[in-house]
Amino acid sequence: MSNPSDTTDISSQLANYLPYLRRFARAMTGSQSSGDRFAAAALETILTDRSVLDGSDVKTGLFRVLYRIWSSAGAPVDDAESGLKARAQKHMAKLTDNSREALLLHTLEGFGFDQIANIIGIEQMEAEALVSIARREMADAASGSVMIIEDEAIIAMDLESIVSEMGHRVTGIASTRAEAVALGKADAPDLILADIQLADNSSGIDAVNDLIEALGERPVIFITAFPERLLTGEKHEPAFLISKPYAEDQVVSSVSQAMFFSSTETLTT
């Protein structure tokens, strides 16, 4: 018989990890609605039978259950017949199997290679190889121009350095909504990298929405110190969301994937 306190602790941990599980599911499937369905199925499976955690820590077990449900369903990714999303699916078809998922688990969700191996059901050495393959395939596939919307000068310079070293051209740095719109109209970027809270208390979300309305669809990455506040399931959510403080690896991975997959999902207020 399970200990009631253990059951309560597992439930508490599941609640804490759920926003990040949804983020990963959305990145895997290419859709918020589809990702949420798989995340809900994984959560329901564990709540019904906690033995599926199979001795793993709760986070690793939760992601493993999600991955296996998604894989057993044929690893579906939302398709589209035209536009940027169609191009994204065409790019995805060229990737080595499991490489993108391994990269997401490692860089975005912070799993070690042993945990990735557990989640995907492979050997640890293969997990390490898949992450390296994904980085190489994505880096070689796409480059372009990047606009940075960030009001903290040190962070803005750091992001500029990371993006430039990746081989992308930085169109400029904006610290307010108005500056961002003016910069974007003067030099339209291929990718927007945006903070949420800007210098004059304006919104990076509003700035991005203004830019997309003016320039058309393009990939976006949001950066915030409180990602869980945006991963609530109560409104449209960004496909790429980096937590502050961030690691360089997270930025590199997200920029590569946003460029490669031409993700267009943004937040709406």
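Colleague: Is Arg22 buried or exposed?
Modeller: In this predicted model, Arg22 is buried, because its relative accessible area is 8%, which falls under the 20% cut-off.

Colleague: And which side chain does Arg22 meet in a salt bridge?
Modeller: The partner is Asp36, with 2.8 Å from N to O. The pair links distant parts of the chain, since Arg22 belongs to helix α1 (residues 4-29) and Asp36 to helix α2 (residues 32-48), 14 residues apart. Asp36 itself is partly exposed, at 22% relative accessibility.

Colleague: How many salt bridges does the structure hold?
Modeller: There are nine salt bridges, and some of them form a network that links Glu150, Glu152, Asp195 and Lys244.

Colleague: Where does Lys244 lie, and what does its pairing with Asp195 tie together?
Modeller: Lys244 lies in the loop between β5 and α11, while Asp195 is in strand β3 (residues 191-195), so their pair ties together parts that are 49 residues apart in sequence. The N to O distance for Lys244 and Asp195 is 3.1 Å. Lys244 counts as buried at 16% relative accessibility, and Asp195 counts as buried at 6%.

Colleague: Switching to helices, at what angle do α3 and α6 cross?
Modeller: The axes of α3 (residues 58-72) and α6 (residues 113-120) cross at roughly 40 degrees and come within 8 Å, which makes α3 oblique to α6. The crossing is right-handed.

Colleague: Which residues make that contact?
Modeller: Helix α3 contributes Thr60, Phe63, Arg64, Tyr67 and Arg68, and helix α6 contributes Gln115, Asn118, Ile119 and Ile120. Of the residues in this contact, four are nonpolar, three polar and two charged.

Definitions and conventions. Residues are numbered from 1 along each chain as its sequence is written. This is a predicted model: local features need pLDDT of at least 70, side-chain atom pairs count only at pLDDT 80 or more; totals for chains, interfaces and linings use all residues. Side-chain values use heavy atoms; hydrogens and water are left out. Axes are lines fitted to C-alpha atoms, for helices over the stretch in contact, and angles run from 0 to 180 degrees between N-to-C directions. Helices (H or I, at least four residues) and strands (E, at least two) are DSSP runs, numbered from the N terminus. Angles under 35 degrees count as roughly parallel, over 145 as roughly antiparallel, 65 to 115 as roughly perpendicular and the rest as oblique. A crossing is left-handed if the near helix is turned anticlockwise from the far one by less than a right angle, and right-handed if clockwise. Contact means heavy atoms within 4.5 Å. Ala, Val, Leu, Ile, Met, Phe, Trp, Tyr, Cys and Pro count as nonpolar, Asp, Glu, Lys and Arg as charged, and the others, Gly among them, as polar. A salt bridge is a side-chain nitrogen of Lys or Arg within 4 Å of a carboxyl oxygen of Asp or Glu. Buried means under 20% relative accessible area, exposed over 50%, partly exposed in between (1.4 Å probe, protein chains only).
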